[in-house]
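Me: I would like to go through the labels given to this structure and ask what each one rests on.

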Amino acid sequence: LIETSWFDSVVLFLIVANCCLLAVSGPNDDLPGMYAVDLAFTCVFTLELLIKVVAMGLVVGPNSYLRDRWQWLDVLVVSTSWL
């Protein structure tokens, strides 16, 4: 699943969509439903992280999830989005 091109394409599309929504809403904007949309994005990105960890392994193995430093950023962003 994680090695398919459509998986990466969908994740990249969701990242761009999330960035666009963040760009149009300011910190003081109280857009209706924005909290629910933000929570949905957070859940989807968390699911993506968990799928990759299950498929690749967390640390053990040469191609495990945390062996790639870009994944460290992914863990940091997903973790802070839950705070």
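Reply: Start with accessibility: buried means under 20% relative accessible area, exposed means over 50%, and partly exposed is in between (1.4 Å probe, protein chains only). The model is predicted, so local features need pLDDT of at least 70 and side-chain atom pairs count only at pLDDT 80 or more, while totals for chains, interfaces and linings use all residues. Residues are numbered from 1 along each chain as its sequence is written, and side-chain values use heavy atoms, with hydrogens and water left out.

Me: What makes Leu73 partly exposed?

Reply: Its relative accessible area is 43%, which lies between the limits of 20% and 50%. Leu73 sits in helix H3 (residues 69-81); helices are DSSP runs of H or I with at least four residues, strands are runs of E with at least two, and both are numbered from the N terminus.

Me: Why are Glu48 and Lys52 called a salt bridge?

Reply: The term requires a side-chain nitrogen of Lys or Arg within 4 Å of a carboxyl oxygen of Asp or Glu. For Glu48 and Lys52 the closest N and O atoms are 3.1 Å apart, so the pair qualifies. The count is one salt bridge. The two residues are four apart in helix H2 (residues 34-56), which means about one helical turn between them. Both Glu48 and Lys52 are buried.

Me: How do you know that Cys20 is in no disulfide?

Reply: The structure holds zero disulfides. The nearest cysteine sulfur to that of Cys20 belongs to Cys19 and is 7.0 Å away, whereas a disulfide is a pair of cysteine sulfur atoms within 2.5 Å. Cys43 is in no disulfide either, with the sulfur of Cys19 nearest at 18 Å. At 37% relative accessibility, Cys43 is partly exposed.

Me: What makes the pair of Phe41 and Phe45 stacked?

Reply: Their ring centres are 6.0 Å apart and their planes are at 20°, so the pair is stacked. Phe41 is buried at 11%, as is Phe45 at 13%.

Definitions and conventions
Rings of Phe, Tyr and Trp (its six-membered ring) pair if their centres lie within 6.5 Å; planes under 30 degrees apart count as stacked, over 60 as edge-to-face and the rest as tilted.
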